[in-house]
Amino acid sequence: MSESNWSQPILYAVLILALSLLALFAIQILTRRALRAIQSLERVGAARQRQAVTLVQIARWVAYLLIAISGLLMLLSTLGIDITPLLASAGIAGLVISLGAQSVIRDAIGGFLIVVENQFAVGDFIQIGDVSGEVEQI
């Protein structure tokens with residue numbers, strides 16, 4: 001391709017990368033503000049604060065994942081790579097994995113219920129069987 005044919009996709013690629021990095025930075029700032037707001041709440045008990053911190057961390061992880069995947073797909077599309085087969089393959093692979101890995105899905109639902117029911121949160125000291133320790137991340 002000639003130089004003029006590559007200049008616009010490269011410009012768009014740089015723009016997509018910049019916007020993705022800006023979005024990741026914004027999520028980091030929002031996470032810090034949310035954690036500070038949770039810590040400043042006086043009327044809320046310690047258990048509820050730990051539950052809120054855990055939910056904020058999970059939301060941050062999901063947002064990072066969505067931005068990274070969206071940015072990658074937009075970048076591939078901008079560079080002229082057809083992402084339609086990739087999306088179709090991902091859908092079929094997701095179906096196959098969900099049918100083959102029902103125990104993983106059961107564990108994910110169980111983890112979600114642990115967070116929602118506030119059974120334990122980040123920072124708690126728990127014992128499961130013979131193993132005990134502090135919850136660092138969910």
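What follows is a short chat about a predicted model.

Me: What are the ground rules for this model, pLDDT included?
Reply: The model is predicted: local features need pLDDT of at least 70, side-chain atom pairs count only at pLDDT 80 or more, and totals for chains, interfaces and linings use all residues. Residues are numbered from 1 along each chain as its sequence is written, and side-chain values use heavy atoms, with hydrogens and water left out.

Me: How many salt bridges does a search of the whole structure find?
Reply: One. The criterion is a side-chain nitrogen of Lys or Arg within 4 Å of a carboxyl oxygen of Asp or Glu.

Me: Which side chains meet in it?
Reply: Arg 50 and Asp 124, at 2.3 Å, N to O. Arg 50 lies in helix α2 (residues 46-78) and Asp 124 in the loop between α4 (102-116) and β1 (125-128), so the pair ties together parts that are 74 residues apart in sequence. Helices (H or I, at least four residues) and strands (E, at least two) are DSSP runs, numbered from the N terminus.

Me: Is Asp 124 buried or exposed?
Reply: Buried, at 13% relative accessibility. Arg 50 is partly exposed, at 30%. Buried means under 20% relative accessible area, exposed over 50%, and partly exposed in between (1.4 Å probe, protein chains only).

Me: Staying with α2, what does it reach from its first C-alpha to its last?
Reply: 47 Å over 33 residues, close to the 48 Å expected at 1.5 Å a residue. The expected span is 1.5 Å times one less than the number of residues.

Me: And which residues of α2 are buried?
Reply: Among them are Val 53, Val 56, Ala 63, Ile 67 and Leu 73. Leu 66, also found in α2, counts as exposed at 54% relative accessibility.

Me: What follows α2?
Reply: Gly 80, with a positive phi near 95°.

Me: Switching to Thr 31: what does it touch?
Reply: Val 56 and Arg 60, leaving out residues up to four places away in sequence; contact means heavy atoms within 4.5 Å. Thr 31 is in helix α1 and is buried, at 6% relative accessibility.

Me: Which residues make the nonpolar surface patch?
Reply: Tyr 12, Leu 15, Leu 19, Leu 22, Phe 25 and Ile 29, for about 600 Å². Patch residues have over 30% relative accessible area and no salt bridge; like charges are joined within 9 Å, nonpolar side chains (Val, Leu, Ile, Met, Phe, Trp, Tyr) within 5 Å.

Me: Where does Tyr 12 lie?
Reply: In helix α1, residues 3-40. Tyr 12 is partly exposed, with a relative accessible area of 40%.

Key: Areas by Shrake-Rupley, 256 points an atom, 1.4 Å probe, with all protein chains shown as cover.
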